[in-house]
Amino acid sequence: MESFEKQTQKDTELQLIGMTCVNCAAKIEKTLNAMPNVKASVNFATEKAIVHFPPDMPVKDLILAVQNVGYQAFQLDSEEDVHKAEAAAHAEYKKDLFHFIAAVVLTLPFLAEMISMFAGEGHGLIPRNIQWALATPVQFWIGARFYKGAYFALRSKTANMDVLVALGTTMAYMLSAVITATQMHQHHVYFEASTMVITLILLGKLMESRAKGKTSEAVEGLLRLQPKKAFAERNGEFVEVDVKDLKPGDIVRVKNGEALPIDGDVVDGQSSVDESMLTGESIPVAKKPGDAVFAATMNHEGTLKIKVTGVGAKTQLAQIIKIVTTAQGSKAPIQRLADKISSIFVPVVVGIAFVTLIATYFWTGDWTTALISAVSVLVIACPCALGLATPTAVVVGIGKAAQAGILFRDAKALELAEKMNVLILDKTGTITEGKPKVQEVVPFEGFSKEKILISSASLEQGSSHPLAHAIVEEAKAKRLALVNVEKFKAISGSGIEGVVAGVDVKVGQPAWFDLSDEQSVLVKTYQAKGQTVMVVSISGKIAGFIGVADQVRESSRAAVAALAAKGIQVIMVTGDNEGTAKEISRQVGIQEYKYGVKPADKANIVVAMKRKKKIVAMVGDGINDAPALAMADISFSMASGTDVAIEAADITLMKSDLGSVVQALDLSGMTLKKIRQNLFFAFIYNVLGIPLAALGLLNPMIAGAAMAASSVSVVSNSLLLKRKKI
């Protein structure tokens, strides 16, 4: 396993052209996965493949493997690659459009034949030889794509929609051709059926292609937001350059009303920046020197000078797009049923068509009637609707979530979010702002506030904990001179210690110290106010304590109420003391909380809830939350948190707000509802359509129109998700 993981270090995204149904996607996926140490996932809805492969394998080998089974593939790792893929896809679309127009022109005369037939005047308005001449190019020139697709499918020992269309239309065409050639005037010909079926299916594919394109509009919209040009400082002057020519350390200027072309840090100027495209938060964020800014956000007021930290693929926008596109290409567990049915769909339909042919002949004694019923079965059967049911809804749902600042790592997380019934919340940075401030410095006899602050802040310089940051900031605000620390040591779950100016100093939780009864009572008094108390000892004596409080986020109470209304058990866990935990829980309306929890214990709490057969979700933002996030069935991380927490999470919330958790659950529910609707439509269409065709109650043309409409209706239903408010 270790050697395999070392080899699968590279990944790429391929744009695929030429797929006609989900079985095509399955065939490409199977072909790629058969290559040594290659792991691929192909999405029929987005027409893309995410491929992980060994570093010593050229990408052209992957592309060649796809071409060998009858499809085109283009790498999407650079802007140039994307343009090539877009050009190829556009050329393919124009070719399909031309073929459709040609088919319409050649098929139009058959409308008169159809009108005559429905008017009760019978066939024969157009001479049969002319019908044959019109139908032949439609069947073998315009319909060549179906023969090609069927050939590659059968060669790979699979069967797809092309097999059904080629088989069905060829049967109708050949029957008509034999009748015409042998001048059996007593029999009908069905050239109009074969030509109309091909024309209608081409129309359906064009409509499906346009509709599928709209499912990815959210990501494409993000891509369009990033400017291609920037004003960069060159020899003391700002000149226009291509963004791709910028590098970290360059200085760029962004004026009022302009979009930022890069990630960077403000070095001069003040403004407010609209970051809604990244976070979903509509209120502009104030920016000043030292603040981070991001590509594609909009500068609203003053001019900013920005030091470049990230360009192109190194920007936060690019990372978001990569996460979203990867998630859109993943498969939800609910898709397994549809994939399983699709894999056996075509052979089963061919079998039903054969049984229909034989049974109808014995029932009617007419081979022509039997053949037309069999053709109708072949034409109406549609694996496309089944294949599109889940991925189109997933693509739209994940794209809509990204616009709201909610990044699902994969489709499994999107599906599972709806099912959770326990939510465990970390306190600091999740329920609260995560920016605690010093409220009180309480010295004991023989020590001063200044001495306690200098000693504790000097020691806390070596810690990344939010409480440490609060103490250091308080000392800086009072302009106290901090000193160097020796022998710094962090004691997990207790505190820190070291030598400050030659004196032993400890800062940590009250339980770590031997406090007097009077000191303990005083500590509990401040804890009851919702403050986290950090005791300070100097030279082995209890010098006093520092009370730190973190503000509850304004949205936390409403979010907790909304979660409770959904029947979700909300539990707050914190390493803080009982008084603070109780006060914070009271403020936000949480009934169940656990205090004094060490980092390792958070994961144990998650495991304990899972043993009760609960679907457990965890929300956190710190390094100490990572084990619990990894153990949870589904995990949320605030983007303001650490990289470790974000990496461990299934869902990243770009807006540090518990309300985003509620939005994620709502979106998961909406998406799953659409998937269930789509699967129902796809199943019921085939369950009703195939028997009707087998009983001879559907003309092949009507069957072709219904088949073309089925996949379009599924995609259109998924697109309705865009109108939903979350």
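Predicted model: local features only at pLDDT ≥ 70, side-chain atom pairs only at ≥ 80, totals over all residues.

Student: How many residues line the second largest pocket, and which lie nearest its centre?

Tutor: The lining has 24 residues. Nearest the centre are Val22, Asn23, Ala26, Lys27 and Ser343.

Student: Which elements give two or more residues to that lining?

Tutor: Helix H2 (22-33), strand S2 (39-43) and helix H12 (335-364).

Student: And which one gives the most?

Tutor: H2, with eight residues.

Student: What volume does the second largest pocket have?

Tutor: About 410 Å³.

Student: OK, sheets. What is the strand order in the open sheet of six strands?

Tutor: The order is S16-S21-S20-S19-S18-S17, and the pairing is antiparallel.

Student: Which strands stand at the edges there?

Tutor: Strand S16 (437-443) and strand S17 (485-491). Each has a single partner strand, so one side of each has no neighbour in the sheet. Neighbouring strands of this sheet are turned by 20 degrees against each other on average, ignoring direction.

Student: Zoom in on S20 and S21. How many bridges join them?

Tutor: Seven bridges, between S20 (residues 532-538) and S21 (residues 541-549), and the two run antiparallel. Take Ile538 as an example: Lys541 in S21 stands opposite it.

Student: Now the sheet with seven strands. Is its pairing parallel, antiparallel or mixed?

Tutor: Mixed. This sheet is open too, in the order S14-S26-S25-S24-S15-S22-S23. At the edges are strand S14 (406-408) and strand S23 (592-594), each pairing on one side only. Neighbouring strands here are turned by 20 degrees against each other on average, direction ignored.

Student: Do S25 and S26 run parallel or antiparallel?

Tutor: Parallel. Three bridges join S25 (residues 634-638) to S26 (residues 651-653).

Student: What is the bridge partner of Phe636 in S26?

Tutor: Ile651.

Student: Last topic, helix H26. How far does it reach from its first C-alpha to its last?

Tutor: H26 (residues 700-719) reaches 29 Å with 20 residues. That is close to the 28 Å expected at 1.5 Å a residue.

Student: Why is H26 called largely enclosed?

Tutor: Because 14 of its 20 residues are buried, the rest of the structure largely encloses H26. Buried here means under 20% relative accessible area.

Key: Residues numbered from 1 in each chain as written. Heavy atoms only, no water. Helix = DSSP H or I, 4+ residues; strand = E, 2+ residues; numbered from the N terminus. Expected span 1.5 Å × (residues − 1). Buried < 20%, exposed > 50% of the residue type's maximum accessible area, 1.4 Å probe, protein only. Pairing = 2+ DSSP bridges. Axes fitted to C-alpha atoms, helices over the stretch in contact; angles between N-to-C directions. 1 Å grid on protein atoms, 1.4 Å probe; cavity = no way out; pocket = protein on both sides within 12 Å on 5 of 7 lines; lining within 4 Å. Points joined across faces, edges and corners; volume = space filled by probe spheres on them.
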